[in-house]
Amino acid sequence: MEATSHSFKQNARDALTDAQLQKALSKMRPGFQQKRADVVAKLPEFEDLRDRGRDIKNHVLENLDFYLERFESNVIANGGQVHWCRNSEEARQTIMEICRSVDAKTVTKGKSMVAEEIGLNEYLEEHGVEPIETDLGEYIIQLRGEPPSHIIAPAIHVNKEQVVEAFRKKHTDLPPDRPLEEVGDITDEARTQLRSKFFAADVGITGANFLIAETGQTVIVTNEGNGDLTQTLGKAHVVVASLEKIVPTLEDASCILRLLARSATGQEFSVYTTFSSGPRRETDLDGPESFHVVLIDNGRSAMLGTEYQDMLRCIRCSACMNHCPVYAAVGGHAYGWVYPGPMGAVLTPSLIGIDEAGHLPNASTFCGRCEQVCPMRIPLPKMMRHYRAKEFTENKTTSQVRAGLGLWSYFAKRPWLYRQSTKLGAALLRALGGNRGRIATLPLASGWTSVRDMPAPEGRTFQQLYKMSGHGKKGSA
Amino acid sequence: MSEAREQILAGIRKSLGRGRLEGAAAEAVEARLKGHARVLVPKRSDGDQAHKVGLFVEMAEAVSCTVDRLESLESVPERLADYLRRENLPARIKQSPALEDTVIPWEKAPALEITSGAAVNEDAVGLTPAHAGIAETGTLMLHSSAETPTSLHFVPDTHVVLLRESQIVGAYEDAWDMLRQKLGLEPGASVPRTVNLVTGPSRTGDVEQIIQLGAHGPRRLHIMLVKD
Ligand code: SF4
């Protein structure tokens, strides 16, 4: 997928003034957070499970080569094949060859972020194979010709009226008087359209939430059942997976599965968790005739052993973006590539480079909510800070920011001056806020205040309060 | 083996600052894999069989399954016919061939028309056995075999599952152990092509996060739970 992460600032500005987007985002905020909180409260072991999940993935990453080889030999033992691909181009070519080998005209697809990452749909189209997205959200954005804006709810930026508009435009056989007002009507229409496609498809492509070394199984976790129809009814089943998806055993998978749905949609468990390996067995009555795992590196092996290794524990649950104030304000498209929100702000520069995506780690208020909810305890704010520091030392920060930081450090190194000037600043801001307590325009920061108010400080500075509480005294612990 | 494969593995080892795992290090990883120890099993399903059955039913109903509890297989035909009538569904059923061997007195509900095999698009009602019911989240474990085609779990609008109370276990791990036992699986030996964990009927939240049942898979999941 073509990245526009370098223009995050402009993207974000556009997003903030996009009325349709803001309407859609306003609906998202309460849902995910409340559901997660409710379901987590029902499982007393949840925090312990997070520790164990983190430990499993750390162990895997330290022994990744061993587990990948074991996974491969078990896939082969079950009659399947593993294709190792260093980058997107190799992966696209490999998948295209598999399509050619069965003379494929159409391909049904379950939701896969890795397939987005390698730009699979465009490539298939260019080579005469029609890709059909079957997850309802993916289907909607395919009709609208846009990329996903969220890793588990790809059409979260789209309002119902816009879905209806896209259906009416693209489903030309749909009688104009057929009602589409209810979500149920929309779902039924998609179900009807896609049913025959599942049966007609030559190849079914899915992603993978996990790869299990012990058994050579790939795992998908879904709610709609589209991934299962995709992989059961196609002639060939192709699994597109990045190589950090490995877990050692079914027991390890069970542990992490207890974290995934709860963190993602706030469900106790997703509707369908499906483990597959190999083609249909000789006496089976259905299932694909061949089974391929396309195993993609695309920069991940180089993240091992670096300060970004922890990011490879990510299970793509989306909790970090569901709790992120920046994501909630600008949506996923502003991030300019496949992965948005806090996890995207770390992963994107790691995978496509700091030149293209070095700005993204700045898209944070460092409120720390992402780390609080990340089931795999990934220290997202810390890694964003690493990138900021790197951006600064590599001189990629804009001169305005550098000047600002330089000024701040001048004051910060002179405590008395810092105290006096923040006191003065706070008093000034209070005066600007007047009775409303909010400041609609801030000198030198119109980029910030043209679209939002800044709360005026209400009382004393932090330093003043700290001193009053007695902690500021010399000699106290 | 391919050049890409060798390069990726070499890249991983280089990043980790070591060569191929050998000796004691390799044995330790091997032992962890073979031992497939349980990590952490939540306590909620601990208790006797009655507790597990109760929890299974409660959790399954919470995700929009319907559960019909039967004294014996004897009453399956009439109760199933009742259910189909109530829901306004056709009396034509496609069942897993595995159920041909189960003694169900179908003659008690002559209106039901029953055939066996994999699902085709016209099949509106599927009837299948399950490998296990998992109490902790009201989840069914089903798997493919010569007698239990996977398409029956996804294609028909209505999925009816026949489950015995003794098949209900507490946690996912218990169901995996049962599967290993049933199929005589050693780690690494051939697993079924597909194992499905199913928790409720199909749903989507992709339009404005409004939960809608019946996305692509079954709109209804009806569990006939039979006493042993
Ligand atoms: S970083 Fe953590 S919270 Fe975000 S998607 Fe990954 S696992 Fe989930």
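**Figure 1. Overview of chain A.** Of the 477 residues in chain A, 57% are buried (under 20% relative accessible area, 1.4 Å probe, protein chains only). The model is predicted: local features need pLDDT of at least 70, side-chain atom pairs count only at pLDDT 80 or more, and totals for chains, interfaces and linings use all residues. Residues are numbered from 1 along each chain as its sequence is written, chains are lettered from A in the order written, and side-chain values use heavy atoms, without hydrogens and water. Chain A holds 22 helices and 12 strands (DSSP runs of H or I, at least four residues, and of E, at least two, numbered from the N terminus).

Figure 2. Lys57(A) sits in helix H3, residues 46–62. Lys57(A) is buried but has no salt bridge (a Lys or Arg side-chain nitrogen within 4 Å of an Asp or Glu carboxyl oxygen). Glu244(A), the nearest side chain of opposite charge, is 6.7 Å away. The Lys57(A) side chain instead reaches the backbone oxygen of Glu244(A), at 2.6 Å. Beyond neighbours within four places in sequence, contacts of Lys57(A) include Ile256(A), Arg313(A) and Met376(A) (heavy atoms within 4.5 Å).

Figure 3. The whole structure has 3 cavities of 30 Å³ or more (sets of points on a 1 Å grid over the protein atoms alone where a 1.4 Å probe fits but cannot get out).

Definitions and conventions
Buried < 20%, exposed > 50% of the residue type's maximum accessible area, 1.4 Å probe, protein only. Lys, Arg positive; Asp, Glu negative; His and termini not counted. Polar contact = N/O pair within 3.5 Å; in protein donor to acceptor, adjacent residues only side chain to side chain. 1 Å grid on protein atoms, 1.4 Å probe; cavity = no way out; pocket = protein on both sides within 12 Å on 5 of 7 lines; lining within 4 Å. Points joined across faces, edges and corners; volume = space filled by probe spheres on them.
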